[in-house]
Amino acid sequence: MLLLIKNVLDQRQLAEVQNLLKSAEFVDGKLSAGLEASAVKHNQELAPQSPLHRRLNAVVMGALVQNSHYQQAVLPLRVATAFYARYEVGMGYGFHVDDPVMGPMAGRYRSDVSTTIFLNNVGDYEGGELVIQTSFGEQRIKGNAGDAIVYPSSSWHKVDQIQAGTRLVAVTWAQSMVKDPNQRELLYQLAQAREGLIGKLPQSEETAKVSTVYANLVRLWSEV
């Protein structure tokens, strides 16, 4: 499933994040890349030792994991600390697939779902589209500041080369309670239908049945 979630970060949060990143120390993004990705990765990332990580994560990741669409679509079991990436003119990230297992040895997790959160406006740079290969062909995404795109970590994807300006994003991964992507998509659609019924017919028998089916499917399919 490919899902664009609008306005994960509000204007106040964006202003704080952008202000923090203005004075941030960035390092070569290849330092965090796996064997395959390092050959095609050309960006910069917030230095691992930067004291800004804690505050940035409080704002960015706090907003993401509390977003109802993210929760319903991803059904997260473990969510990784974000990488904060900067792309300047000439930089990009060639086609790659994310590593299947990530994290330190004491905290390994399976990467089921990738998320890119756009931290500056589309008018701030030229190029830099996130290109994702799907069964319906290539999807090209350039979200507004504060939007997030959620997509399978198993998909081939790239970031087009920057032609002008600077692209700022946060990238994170999640291990879902439901491993199968088709099951996750069905549960997301069912969760949306359930939410609509609760809003319109909270006391109806139909709403109760849909809620029961949703709860029991999560129980059946989850690995928790």
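1. A word on terms before we start: two residues are in contact when heavy atoms of theirs lie within 4.5 Å. Please keep in mind that this is a predicted model, in which local features need pLDDT of at least 70 and side-chain atom pairs count only at pLDDT 80 or more, while totals for chains, interfaces and linings use all residues. Residues are numbered from 1 along each chain as its sequence is written, and side-chain values use heavy atoms, with hydrogens and water left out.

2. Let's begin with T115. Leaving aside neighbours within four places in sequence, T115 is in contact with L64, Y70, A148, I149, V150, Y151, A170, V171 and T172. T115 sits in strand β10, residues 113–118; strands here are DSSP runs of E with at least two residues, helices are runs of H or I with at least four, and both are numbered from the N terminus. The relative accessible area of T115 is 0%, so this residue is buried. The cut-offs are under 20% for buried, over 50% for exposed and in between for partly exposed, with a 1.4 Å probe and protein chains only.

3. Now the chain as a whole. The protein chain has 5 helices and 17 strands, and 46% of its 224 residues count as buried. Along the principal axes, the C-alpha atoms fill a box of roughly 55 × 35 × 35 Å.

4. Contacts across the sequence deserve a mention too. Among contacts in the protein chain with a separation of 6 or more, 77% are between residues 24 or more positions apart.

5. For those who like aromatic pairs, the count comes to 1. Rings of Phe, Tyr and Trp (its six-membered ring) pair if their centres lie within 6.5 Å; planes under 30 degrees apart count as stacked, over 60 as edge-to-face and the rest as tilted. The ring centres of F83 and W173 are 5.8 Å apart and the planes stand at 75 degrees, so this pair is edge-to-face. Because F83 lies in strand β6 (residues 83–87) and W173 in strand β17 (residues 167–176), the pair ties together parts that are 90 residues apart in sequence. F83 is partly exposed, at a relative accessible area of 33%, whereas W173 is buried, at 11%.

6. Strand β11 (residues 125–127) holds E126. Not counting residues up to four places away in sequence, E126 touches K142, Q161, I162, Q163 and A164. V89 is 37 residues from E126 along the chain, and their C-alpha atoms are separated by 8.9 Å.

7. P202 is in the loop between α4 (181–200) and α5 (205–221). This proline is partly exposed, with a relative accessible area of 49%. Beyond neighbours within four places in sequence, P202 is in contact with L197 and T207. From P202 to Y109 it is 93 residues in sequence and 37 Å in space, C-alpha to C-alpha.

8. Finally, two backbone angles to look at. N7 is not a glycine, yet has a positive phi of about 55 degrees; N7 lies in the loop between β1 (3–5) and α1 (11–22) and is exposed, with a relative accessible area of 57%. L75 also has a positive phi, near 50 degrees, and is found in the loop between α3 (68–74) and β5 (76–79). Is L75 buried or exposed? L75 is buried, with a relative accessible area of 7%.
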